[in-house]
Amino acid sequence: MPMQIDSPAFQAGQPIPQKFTQDGENISPALNFSGVPSGTRELILIVEDPDAPKPHPNPFIHWVLYNLPPETRSLPEAVPTDRTLRMPLGAKQGQNSAGKIGYIGCAPPPAHGPHHYHFKLFALDTNLNIAPALERDTLLTAMKGHIIEQAQIVGTYERLAVVNRIKTALTGD
C-alpha cells in the first residue's frame, strides 16, 4: 500500500475549514498517515501554497515539521508552535514564510481566487538529526538522496467572506 496522508478536517481537493485559517482560529488541522514504508527512519511534513503572489517567496511555506518518529500515524488538531514538540516526542518545527515557528493558517489575498495548500509527507531512510527552526529550503537540501516515498493531500481556501465584505462596502448593498 502506498503512503498516504489525509485529514478528518477536509477532503482532498476540497476547501479547508475557516477554523484552520488566519480568518479563524489559525490552528493546524488533524492529519493521519498510513502506508509508511518499512525502513523509514524519519517523517517530514511541509505545507506550502504555490499560488502565493510576490513579494512573498513562492511557494509560501505554512508549516515545516520534521524529526517525526516513523511510527507516527497522526497529528492532532492545534499542534503547539514550539520549536521541539512533546507529542510526537522530539519532533521539531521549522520557520514558515512569516518567519515564525510552527503552523500558520491560510490567508490568501482577498479577490485572488482559491489557493491550493499542499500538505506533503516525506518518508526518509535516515534521521537527519538537525536543529529546530530550519527553513524549508535548508531542510530540502538535507533530505536529498534520503526520500523513500512521499504523499500529499491538497486543500483549498479562498477569502470569499472578505471579498463579499469589500463588494458590500464598495456598492453599499
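Trainee: How many salt bridges does a search of the whole structure find?

Mentor: Please keep in mind that this is a predicted model. When the whole structure is searched, the number of salt bridges found is 5.

Trainee: Which side chain meets that of Lys 120 in a salt bridge?

Mentor: Lys 120 belongs to strand β7, and its partner lies in strand β3, 72 residues apart from it. The N to O distance of this salt bridge is 2.7 Å. Both residues of the pair are buried. The partner of Lys 120 is Glu 48.

Trainee: Which residue of helix α1 is linked to Glu 48 in strand β3?

Mentor: Here too the pair links distant parts of the chain, 88 residues apart. The side chains meet in a salt bridge at 2.9 Å, N to O. The residue in helix α1 is Arg 136.

Trainee: Is Arg 136 buried or exposed?

Mentor: Buried means a relative accessible area under 20%. The value for Arg 136 is 17%, so this residue counts as buried.

Trainee: How many bridges join strand β3 to strand β7?

Mentor: These strands belong to an open, antiparallel sheet of 5 strands, in the order β6-β4-β3-β7-β8. Its edge strands, β6 and β8, each pair on one side only. Strand β3 covers residues 42-49 and strand β7 residues 115-124, and the number of bridges joining them is 7.

Trainee: What angle does the direction of helix α1 make with that of β3?

Mentor: Helix α1, residues 136-143, packs on the sheet and touches β3, β4, β7 and β8. The angle between its direction and that of β3 is about 140°.

Trainee: Let us turn to Ser 7, in the loop between β1 and β2. Which residue has its backbone oxygen 2.7 Å from a polar atom of the Ser 7 side chain?

Mentor: Ser 7 counts as buried because its relative accessibility is 5%. Its side chain reaches the backbone nitrogen of Ala 9 at 3.0 Å. Beyond its neighbours within four places in sequence, Ser 7 has contacts that include Pro 29 and Ile 153. The backbone oxygen at 2.7 Å is that of Ala 30.

Notes
Residues are numbered from 1 along each chain as its sequence is written. This is a predicted model: local features need pLDDT of at least 70, side-chain atom pairs count only at pLDDT 80 or more; totals for chains, interfaces and linings use all residues. Side-chain values use heavy atoms; hydrogens and water are left out. Helices (H or I, at least four residues) and strands (E, at least two) are DSSP runs, numbered from the N terminus. Buried means under 20% relative accessible area, exposed over 50%, partly exposed in between (1.4 Å probe, protein chains only). A polar contact is a pair of N or O atoms within 3.5 Å; within protein, one must be able to donate a hydrogen and the other to accept it, and residues adjacent in sequence count only if both atoms are side-chain atoms. Contact means heavy atoms within 4.5 Å. Two strands pair if DSSP finds at least two bridges between them. Axes are lines fitted to C-alpha atoms, for helices over the stretch in contact, and angles run from 0 to 180 degrees between N-to-C directions. A salt bridge is a side-chain nitrogen of Lys or Arg within 4 Å of a carboxyl oxygen of Asp or Glu.
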